[in-house]
Amino acid sequence: MVDADVLVVGGGPAGSSVAHALAICGIDVLVLDRARFPRPKPCAEYLSPQASRILARMGALNDVERSGAAALAGIRVYAPNGFVIAGDFVANHGYHGFRDRGLSVRREILDAILVQRARAAGGRIVEGAKVTDLVRDPSGRVRGVRATVDGAARELRARIVIGADGLGSVVARRLRLARRLRWPRRIALVTHYRGVADVGEHGEMHVAPDGYVGIADVGGGLTTVAAVFPVRRSREIAADRTEFLRRWLFDQRRLALRFASAERVTPVVATGPFASYARRAWAPGAALVGDAADFFDPFTGEGIYSALRGGELLADHVSEMLAASSPELADGALREYDRARRREFGGKWIVERVIGAVVASPRLINRAARQLAARKDLADLLIGVTGNFVPPREIIRLGYVWNVFIGSVP
Ligand SMILES: Cc1cc2nc3c(=O)[nH]c(=O)nc-3n(C[C@H](O)[C@H](O)[C@H](O)COP(=O)(O)OP(=O)(O)OC[C@H]3O[C@@H](n4cnc5c(N)ncnc54)[C@H](O)[C@@H]3O)c2cc1C
């Protein structure tokens, strides 16, 4: 006797995406989230055009646009030496047939819309339900979860449990699949301001020797501010994170004046450290998706896309798993999901790690910015890869790396 065919832990972008994709096929899905929507989530809140396409497939794009989200034309990366890498989403690479835009929208708004789409498709969503452990049979196969629902302890059973519970996932930890990279170890401070001067239609990443900050218009006159620092600064940050962020922003030559008349309107929230991944994204009776399966660093800003796309990929394999006639075939369907993830995201993982290393080194980011400032074509290609509309192989090749780091500076 099961409480649902599929039990999804977490109703963020990954959980809502997989729940929506399964529910529209008539599969019985139950989503448990410890929060109540709308809820905030620390994030720089950019979405590339590829993410918008998945929102359209979920029937969420119109609601997101109507909510007052800001359109995003591309990203500007400001290096410590003052050079700017300017990449546009609308660049004409020939990889897609039409011009498209990105979005930036508050997660409080986006995630509530996504949960609503999963619900409208037929998914059952229980809010205020915190999962604390997994239920397993004597062979170790996952059979359900233990949760606290509105303060009461419950045990819920399902044919598969999906961990879509984000960074620090309890499902990944209980399955002993979670791993942390030793480097880079970074943490973030995130908030919203009103009245930041000169915020345009490009998201901005400002890289400093001791951290970086992403800022963007998120609609409604608000600017999202997500600053990332090495974990060694956590003691200073813990002493007073609000004051730490204020001082750091005012120490940035390019930003101080722009923030001079701005007012902070949401509390400064700390999150991290990141750079975690699951050894594999499945176990008998369970699968992982979104940040629960992998989250490297916010710099490339594409976690929401990976969560949404990962949810779509997983749904295909869960349908096969539910139709399997033996536990071995069911496991095979999930093993295949893991391979599909590697095929889909493998190239991007390499690019993210290289960018993570470059951002940590003022010498490398300065060199790359000098080259890319003079080569808009190469900058657009980079933004295209990080925005998931250009295949990573276009920049994981010697010619590109040579042009960015070694070729003569114009
Ligand atoms: C500083 C920062 C900036 C970022 N900026 C961007 C950006 O600009 N663009 C972008 O695309 N991505 C960005 N990301 C990444 C993005 O936020 C994540 O990749 C994305 O939210 C992953 O979605 P998810 O559904 O996997 O997890 P989440 O969005 O974290 O959702 C997980 C859900 O699970 C619930 N949950 C957790 N534990 C439990 C439990 N035990 N029981 C029940 N429910 C539980 C939570 O309440 C939550 O609703 C950023 C991340 C950080 C840290």
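What follows is a short tour of some strands, charges and salt bridges. Keep in mind that this is a predicted model. A search of the whole structure turns up 31 salt bridges, and a few of them get a closer look below.

- Let's start with an open sheet of three strands, which runs in the order β3-β7-β4 with antiparallel pairing.
- Its edges are β3 (46-47) and β4 (70-72); each of them has a single partner strand, so one side of each has no neighbour in the sheet.
- Two bridges hold the antiparallel pair of β3 and β7 (residues 102-104), and here you can find Y46 standing opposite S104 of β7.
- Another open sheet of three strands has the order β12-β19-β22, and the pairing there is antiparallel.
- This time β12 (178-180) and β22 (294-295) are at the edges, and because each has a single partner strand, one side of each is left without a neighbour in the sheet.
- β19 (residues 276-278) pairs with β22 in the antiparallel sense, over two bridges; look for Y277, whose bridge partner in β22 is D294.
- As for what does the joining, strands of a sheet pair through backbone hydrogen bonds, either parallel or antiparallel.

- β9 (residues 129-136) and β10 (residues 142-149) are antiparallel partners, and seven bridges link them.
- To get your bearings, find A129 and its bridge partner in β10, V149.
- Five residues sit between the two strands of this hairpin, where G140 takes a positive phi near 95 degrees.

**A covered strand: β16**

- β16 (residues 222-230) is mostly covered, with nine of its nine residues buried.
- That goes for both faces: L222, T224, A226, V228 and P230 are buried on one side, and T223, V225, A227 and F229 are buried on the other.
- β13 (residues 186-194) runs antiparallel to β16 and is joined to it by nine bridges; I187 has F229 of β16 as its bridge partner.
- β15 (residues 211-217) also pairs with β16 in the antiparallel sense, over six bridges, and Y212 stands opposite V228 of β16.
- β15 and β16 make a hairpin with four residues between the strands, and in it G219 has a positive phi near 85 degrees.

**Positive charge on the surface**

- Which residues gather in a patch of positive charge on the surface? They are R34, K130, R173 and R180.
- R34 has its place in the loop between β2 (29-33) and β3.
- With a relative accessible area of 65%, R34 counts as exposed, since the cut-off for that is over 50%.

- D28 and R124 meet through their side chains in a salt bridge, at 3.1 Å from N to O.
- D28 is in the loop between α1 (13-23) and β2, while R124 is in β8 (residues 124-127), so this pair ties together parts that lie 96 residues apart in sequence.
- Both ends are partly exposed: D28 has a relative accessible area of 31%, and R124 has one of 36%.
- Next up is D88, whose side chain meets that of R76 in a salt bridge (3.5 Å, N to O).
- That pair links distant parts of the chain, with D88 in β6 (residues 84-88) and R76 in β5 (residues 74-78), twelve residues apart.
- Are these two buried or exposed? Both D88 and R76 are buried.
- The side chain of D88 meets that of K376 as well, in a salt bridge of 3.2 Å, N to O.
- Here D88 is in β6 and K376 is in helix α12 (residues 376-386), so the pair ties together parts that are 288 residues apart in sequence.
- D88 has a relative accessibility of 16% and therefore counts as buried, whereas K376 is partly exposed, with a relative accessible area of 36%.

Definitions and conventions
Residues numbered from 1 in each chain as written. Predicted model: local features only at pLDDT ≥ 70, side-chain atom pairs only at ≥ 80, totals over all residues. Heavy atoms only, no water. Pairing = 2+ DSSP bridges. Patch = residues over 30% accessible without salt bridge, like charges linked within 9 Å, V, L, I, M, F, W, Y side chains within 5 Å. Areas by Shrake-Rupley, 256 points an atom, 1.4 Å probe, with all protein chains shown as cover. Salt bridge = Lys/Arg side-chain N within 4 Å of Asp/Glu carboxyl O. Lys, Arg positive; Asp, Glu negative; His and termini not counted. Charge placed at Lys NZ, Arg CZ, Asp CG, Glu CD. Buried < 20%, exposed > 50% of the residue type's maximum accessible area, 1.4 Å probe, protein only.
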